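The stops below are meant to be selected one after another.

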Amino acid sequence: MLPPSTSKAPRVPKAPKINHCERRDNILTQFSIIEVARLCNIQIKEQSRAEIRCRCPFCNNKRNKMTASLNESKGLFHCFRCGEGFNAVSLYAEIYGIDTKEAYQDLMDKLG
Ligand SMILES: [Zn+2]
């Protein structure tokens, strides 16, 4: 006997989601963390190719100390003082108080 039909829709598998890591990797390589930091008006002090120091926008930092670093090859922002860490998109999202989807779109418009 066939099972009785129910009013519920069958469980149709959704379209495969983009793997989170893959997607993040794409973002990391797509936008330069330096360019994004500039768009966020973060003060940058370029030193060497290996390390670029910048002012952390999340620290209450009256002396304008460069406590954060931008890692271009990894596409990451990291602050040694408050411990905040972001990739290009999440940094932009955090600064402008928007979600990462909007941030991504904005960055595509500006840098893409
Ligand atoms: Zn900080």
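Leaving aside neighbours within four places in sequence, with which residues is Val36 in contact? Select Val36: the residues in contact with Val36 are Phe31, Ala88, Leu91, Tyr92 and Leu107, where contact requires C-beta atoms, placed from the backbone, to lie within 7 Å. The model is a predicted one, in which local features need pLDDT of at least 70, side-chain atom pairs count only at pLDDT 80 or more, and totals for chains, interfaces and linings use all residues. Residues are numbered from 1 along each chain as its sequence is written.

**The core**

Next, select Val36, Phe77, Ala88, Val89, Tyr92 and Leu107, which have the most contacts inside the largest nonpolar core, a set of 19 residues. Such a core consists of buried Ala, Val, Leu, Ile, Met, Phe, Trp, Tyr and Cys residues joined through C-beta atoms within 7 Å; buried means that 20 or more other C-beta atoms lie within 10 Å of a residue's own, exposed that 12 or fewer do, and partly exposed covers the range in between. Two or more residues each come from α2 (33–39), β2 (52–54), β3 (68–71), α3 (88–96) and α4 (100–111). Helices (H or I, at least four residues) and strands (E, at least two) are DSSP runs numbered from the N terminus. The most is given by α3, with five residues.

**The sheet**

Display the strands: they form an open sheet of five with the order β1-β2-β3-β4-β5 and antiparallel pairing, two strands being paired if DSSP finds at least two bridges between them. At the edges, β1 and β5 (85–87) each pair on one side only. From one strand to the next, the twist averages 25°.

Centre the view on β3. Three bridges join β3 to β2; Ile52 has Leu70 as its bridge partner, and Arg53 stands opposite Ser69. Towards β4 there are four bridges, with Asn71 opposite Leu76. Ala68 and Leu70 form the covered face of β3, whereas Ser69 and Asn71 form the uncovered one. In the hairpin of β3 and β4, with four residues between the strands, select Gly75, whose phi is positive, near 70°.

**A last stop**

Finish at Asn41, in the loop between α2 and β1 (44–46). Asn41 is not a glycine, yet has a positive phi of about 55°. Most residues other than glycine have a negative phi. Asn41 is exposed, with 10 other C-beta atoms within 10 Å.

How values were computed
Contact = placed C-beta atoms within 7 Å. Axes fitted to C-alpha atoms, helices over the stretch in contact; angles between N-to-C directions.
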